[in-house]
Each structure stands twice: as structure tokens, then as C-alpha cells.
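Hello,

I am handing over a structure that you have not seen before. Please open it first, and then read my notes below.

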Amino acid sequence: MTSFLTAGDPKDPTRPFLLWRLLDGLTDVGLLSFAVWTITYHLGGLRFRLEVDELVRIWLAASAVLAVGFVALRFFARAGSAPEPAPEPVSEPVSESASEPGDRGATATLSRRLLWPLGLALGIGAGVTAGLYRDQNLSWTIPCVLGGLAVAVAAVGVFLGRRERGSPSRVSGSLVALLAAGSAATLSLYTVNTDGDDVFYVSRSIRTAQTGRIPLKDVIFTQGQVGQISGEPPVPSYEVLVGGIARLLHLPAQNVLWFIALPGATFFAVWALWRLTRAWAPRRALLCFAVAAVYLLWTGQNGASFGSFHLVRLWQGKAIFVSLLVPLLYLYLTRWAENRSFPDLALLFAAGTAGVGLTTTSTFIVPLIAAAAVVPLAVTGRFRAALGACVALVYPVGAGLMVALNPESNHQVQGAIYDASSTFGRVLLTGTMGVIAGCAVWAAPWLARRGIPALITSGGAAIFTILMIPGTLELIARLTHAGQVLWRVPWVVPVPVLVGLIAAIPLPGLLRWLAPLPAAVLIATMIPTGLPIWSFENDHTRVEDRPAWKVSDSDVVVVKEIVSRVGNGGVVLAPQRFMRWFPLVTTRVNAVNPQSRHLTMIPADPSFAADRELLTALARYRTATMSPAAAQAALLRVGVTNACLNKRNSRGQKLLKGAGFTVGRRLSFTDHNGVGGRLVCLKADPAKD
């Protein structure tokens with residue numbers, strides 16, 4: 001066996017047919033286009049306050065010019081390059097040495113007999129103890145120490161194998177990947193996983209579509225009378241783009257988001273998974289892709305898992321970031337380090353810019369990903385490649401500094417703070433699935449294609465290990481005041497792809513004909529021990545019999561009926577199960593309290609939240625000790641114009657009547673258990689305002 005690290009082939013070893021090249025090109029051009037939109041949004045929208053319609057026109061023109069230029073640049077770059085040598089037959093990953101004289105033969109022998117088995121054993125040990133730490137009551141120090149040792153052995157391999165080279169290989173299986181991407185995109189239309197964060201994200205798209213302006217103030221609780229919820233500065237551009245496209249197509253923003261953006265993002269997220277897999281494991285790309293896909297589909301045990309951020313939630317910018325952009329960023333880093341072409345450099349910059357447009361999380365995840373490539377490249381003497389890879393940092397670091405220096409965007413974020421072990425358990429899961437994911441992260445340097453992929457996965461494992469050391473996340477939280485979102489740091493490694501790499505583990509000599517065995521064992525293990533992401537146990541996910549909005553249909557029918565009776569600017573009090581859907585239906589009418597968690601993060605006077613909490617209690621029958629005067633005062637300050645209470649909430653109705661509300665129509669509804677109920681709707685008397 002040679003060292004796992006070689007210089008790598010200078011050309012892309014894959015030879016996809018025209019269709020596959022077209023899909024690759026569409027992915028790259030789409031990323032560039034979104035990066036252009038993000039820059040347009042920041043300069044034209046936030047700086048010069050242009051209307052959204054103007055921004056969309058500028059973006060479309062700039063994207064068309066850029067797409068033509070990029071395609072031409074790619075064409076001339078390929079035409080001007082030397083003919084590629086015919087692919088050589090390759091052996092299993094890290095299983096055969098380059099036939100070179102002198103000390104390189106000794107290096108290969110050392111790698112074959114000591115480093116490779118030692119590094120793999122340490123990586124597996126770290127993964128097993130990390131996945132079982134909770135079930136077996138283990139100390140979290142054990143996986144950290146084993147992981148650190150695995151990274152140290154990988155570092156030794158970096159120095160010993162820096163001058164060795166690998167061989168390219170043909171890749172087949174793109175048709176399967178295409179079918180998988182299409183199937184996932186279709187399934188995303190039918191799968192409904194309601195998420196509390198949609199109150200913020202979807203409402204921004206709806207507001208943009210309805211008004212043609214960027215929503216810089218709160219549209220969840222008010223008509224822009226207070227600032228946005230803390231921790232959400234208007235840096236991401238994705239939600240405004242969805243609203244702008246909805247205006248351009250004269251469609252509801254919800255339809256654009258859930259029937260166009262969602263399946264499109266899902267398709268290209270699966271395709272990005274395939275692209276990175278075939279770049280890092282070309283010899284067994286199809287087997288590795290199959291394992292990675294099964295891993296994603298069966299990680300529904302936690303709403304923070306990689307699978308739960310895939311096809312069941314890919315209408316959110318942060319989900320697109322982790323599922324689509326992170327694999328693409330690693331792909332571009334790999335291609336840049338191997339080829340150092342200007343188009344790859346442009347894609348690196350675009351990936352960093354697009355990440356900012358998707359989520360503010362990119363301001364700390366993208367720099368960490370870049371470090372996973374830059375540091376190993378610099379350490380092994382590839383200084384030009386390391387310097388070029390830093391372009392991915394430019395936009396995220398700049399955006400992060402702007403947010404940090406803006407006092408209006410620096411309110412304290414609310415939410416739980418997780419330590420390293422809890423973060424691992426939430427995102428990479430525990431038990432069998434946690435063991436598989438942990439082994440994948442720490443053993444990846446020995447399973448990825450020799451050369452740059454092995455180098456970058458070594459850097460990723462090192463960054464991941466440092467972050468998982470006890471106390472690291474707590475220290476970062478104290479320094480940045482962003483502890484509530486640091487549970488996302490495992491996004492620095494493309495775990496689904498790394499899990500797939502386990503299928504590329506080399507088998508000795510006579511057992512090579514059993515190459516599919518590792519993939520079969522992994523799949524047979526994950527399916528019975530994991531949980532499908534479409535399972536009802538995964539945050540009440542359900543699969544409808546037709547493409548559906550990601551809401552409760554029965555509840556939204558009631559909400560739409562209420563909205564139809566309320567004028568623009570009205571404020572509605574209703575049971576919480578109905579109020580949560582108002583921002584997902586319209587922003588021209590507000591509910592008193594769509595989301596209590598977001599209510600606590602509004603930068604407003606404490607009475608703003610207190611009044612809404614009191615009125616929410618009124619709608620929940622909690623009126624036994626409620627002062628009528630306090631209720632009436634809260635109704636007046638909040639500006640409630642309409643109220644729909646459960647028919648059985650007689651005391652709540654009495655309080656409203658005492659405040660001048662008059663009884664109107666009744667609405668029927670069906671609860672989650674299929675039991676019918678009725679709402680009594682009341683309207684404020686304008687004469688008593």
C-alpha cells in the first residue's frame with residue numbers, strides 16, 4: 001500500500017457524458033448566478049434601497065452575461081489544455097504504492113505496514129466511542145483523544161506521502177444519481193415537515209412578494225413597527241429572491257418556495273452529493289453514493305441531523321447551505337487544488353458569497369471549511385493553492401465583520417447552548433448511526449482518493465476534532481455570543497459523503513471480488529437501526545397524496561377564512577395552533593403571537609411580549625385569575641381587531657365582549673385527532689377605540 005496522500009491527478013478523472021456535463025455546468029452557473037444576486041441584493045437593496053423589481057431585473061441581466069462568459073471561459077480553458085492521458089487501471093484506494101526508487105519505496109512500506117492500519121484503527125476507535133458515549137456512559141475525552149491520535153497519524157502521512165502520485169479512474173453510475181436526484185425532488189413535493197423557523201423565513205418571502213420591498217423590520221407580529229428578531233440581520237438574500245421571483249411570475253411566494261425552489265434545491269443537492277463522491281472516490285463512486293444516500297434518508301432520529309436538513313426542509317436557506325453548498329465548496333476546493341484554473345477560483349469565491357446569501361451561519365462555517373483545505377495545503381508546500389483557496393473566505397468574513405460591527409444587528413440570540421458531546425449527538429446522532437458517522441469522519445483520510453481528497457479530509461478531521469474538544473464550543477460562545485447556533489459546527493465536514501467513503505475500504509488480495517460487501521453491510525445496518533426522515537416520528541413528518549404546502553391544510557383553511565374577513569393591517573387573536581400559520585399565509589394581517597420563541601427575541605419594550613403572552617393565555621382558557629382591566633389594556637396596546645376563540649372558551653369571550661368586541665360568525669375546524677370543533681369570531685367595535 002502506498003501512502004494515502006499523493007499529489008493527485010492534475011485533470012478531472014471523470015468523463016461524464018454530455019448530459020452529466022450539462023448538469024454539472026447548470027449547477028456551477030446556478031451557484032454563480034445566486035452569488036451575483038447576493039451581491040446585487042447587498043449593494044442595490046441594502047445600500048441604495050432599490051425596489052425588489054429593479055434588483056431582479058439587474059440580477060437577470062448580470063446573470064445572463066456572467067453565464068455566457070463563464071461557459072466561454074470553461075470552453076477555452078479546456079481547448080487550451082493539453083490532451084488528457086488515457087486513464088490507467090487503478091487499485092483499491094491507498095492499497096498500492098507508486099513504483100518509485102529510493103526512499104519513496106521505504107515510505108510506501110511504512111505506510112502499508114504501519115500508518116494505514118494504525119490510522120484506520122484509531123479513526124474507527126474514535127467513531128465507536130463517540131457514537132456510544134451516551135449509551136455506554138463513556139467519557140467524552142476518549143473519542144477526542146483517539147480522534148486526535150488519528151489526525152496525528154494522518155499528519156505523518158501528509159509529510160511522508162507528499163511527493164507520491166495517484167491515478168485517475170473512469171466513473172460510471174451517473175444515470176443512477178440522476179434518477180436518485182429526480183426521485184428525491186419529487187418526494188420533497190409530497191413530504192410535509194412543518195418547522196417553527198418558517199414563521200421568520202417564509203414570511204420574508206411573502207412580504208417581499210406582496211410589497212416589492214425588502215422587509216427590514218418585523219413582519220411577523222407587526223406591520224414593521226419594530227425591528228426584526230435578534231440574531232437575524234438582513235444579510236441572507238435567498239428569501240427576498242424567492243419573493244422577487246414570485247412577483248416576476250405573478251405567483252404566490254409559497255408556490256415558488258415549495259413547488260419550484262424546494263424540488264430544484266433537492267435535485268441539485270443530491271447531484272452535488274454525487275459530484276463530490278465521484279471526485280473523492282471515483283473507483284467505487286456508485287457504491288459510495290448509494291451508502292451516502294441511505295445514510296441521509298435514515299437519519300430522522302433528530303431534527304438537527306443531516307438527513308432532517310435535506311429533502312424534508314430544503315426550502316430554508318440554512319438547509320440548502322448544509323445540503324447543497326457545503327459539498328460543492330469541498331468539490332471546488334478539491335478541483336482548485338488539483339487544477340488551479342481560473343474558473344475553479346471563480347467558483348470558490350462564488351461559493352463563499354452564495355453561502356452568505358443563504359444563511360449567516362456561513363460566516364463561521366465557510367472559514368472553517370476553507371481552513372480544512374488551506375492549512376494542509378500550506379503545510380505540504382502548496383502555497384499557491386493555499387493562497388487561492390482563501391478567496392472563499394472573502395465574502396463570509398466581510399459579512400461577519402459587518403454584522404458584528406452593526407449594533408442594531410447584535411442583539412442576544414435566544415436558545416439552548418450545547419456542549420461538544422451533545423452537539424455530536426444532535427447532528428451525527430448516537431448509537432449505531434452515530435458510530436458510523438464518527439468512524440466516517442476520522443477514517444476518511446485513509447479511504448478518500450489519494451492526493452488532494454485525502455489531504456482535505458485530513459484537514460476536515462482535524463478541524464472537527466478541535467471543535468469537539470471539551471470546552472472549545474463554550475469558549476467560542478463566550479467570545480462571539482453565538483453559542484445558540486454553534487451546534488451547527490459539524491457542518492464543517494460533509495458527513496454523508498464521508499459515510500459513503502466507508503464503502504471504498506480496500507479488501508485484501510483474494511477478497512477484492514467482494515468489493516460491494518462493505519456497502520451492503522452498511523446499508524443492511526443503517527436501514528433497521530435508523531429512522532426514515534419521512535417518518536411521523538421525525539417531528540411529525542407526513543407524506544401527502546399530492547404536492548402540498550408545508551403546513552397543516554385543515555388549519556390553514558381556517559386561517560384563510562379569518563384573513564378574508566380582516567382588512568389589511570388587522571391583528572387577530574386565536575388559539576396558538578392557528579396563529580402560527582398566519583405569517584405563512586399573509587403578512588398583511590398579523591396574529592397576536594405566531595411563535596412565542598421568536599416573541600422573546602423582538603428588540604422591543606418588555607410590555608410588547610408581555611401583552612402578547614397574556615392574550616395568548618386568554619386564548620388558551622387561562623383566564624381564571626386574569627384581570628379584565630389588564631386584558632382590555634393588552635388588547636388596546638396590541639391593537640387586536642379580530643378574535644376567534646374556541647366555542648368552549650366562554651370566559652375569554654366574556655372578557656372580549658367587555659372590551660367592546662361583538663360576536664360575528666362561527667367557523668368549524670377539525671383537530672389533529674379528527675375531532676371537530678367550532679370557533680366563535682368576534683370583532684372590535686371601532687367606536688370604542
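How are helix 1 and helix 7 oriented to each other? This is a predicted model, in which local features need pLDDT of at least 70 and side-chain atom pairs count only at pLDDT 80 or more, while totals for chains, interfaces and linings use all residues. Residues are numbered from 1 along each chain as its sequence is written, and side-chain values use heavy atoms, leaving out hydrogens and water.

Now to the answer. The axes of helix 1 (residues 18-47) and helix 7 (residues 238-249) come within 10 Å and cross at roughly 95°; the two helices are therefore roughly perpendicular to each other (65 to 115 degrees). Axes are lines fitted to C-alpha atoms, for helices over the stretch in contact, with angles from 0 to 180 degrees between N-to-C directions. Helices (H or I, at least four residues) and strands (E, at least two) are DSSP runs, numbered from the N terminus. F34, W37 and Y41 of helix 1 make the contact with Y238, V240 and L241 of helix 7 (heavy atoms within 4.5 Å).

There is also an open sheet of 5 strands in the order 4-3-5-7-6, with mixed pairing; strands pair if DSSP finds at least two bridges between them. Its edge strands are strand 4 (590-591) and strand 6. Strand 3 (residues 571-573) and strand 5 (residues 642-646) run parallel, joined by 2 bridges, and L573 stands opposite A643 in strand 5. Helix 25 (residues 606-619) lies across strand 3 and strand 5, at about 45° to strand 3.

Best wishes

Terms used. Angles under 35 degrees count as roughly parallel, over 145 as roughly antiparallel, 65 to 115 as roughly perpendicular and the rest as oblique.
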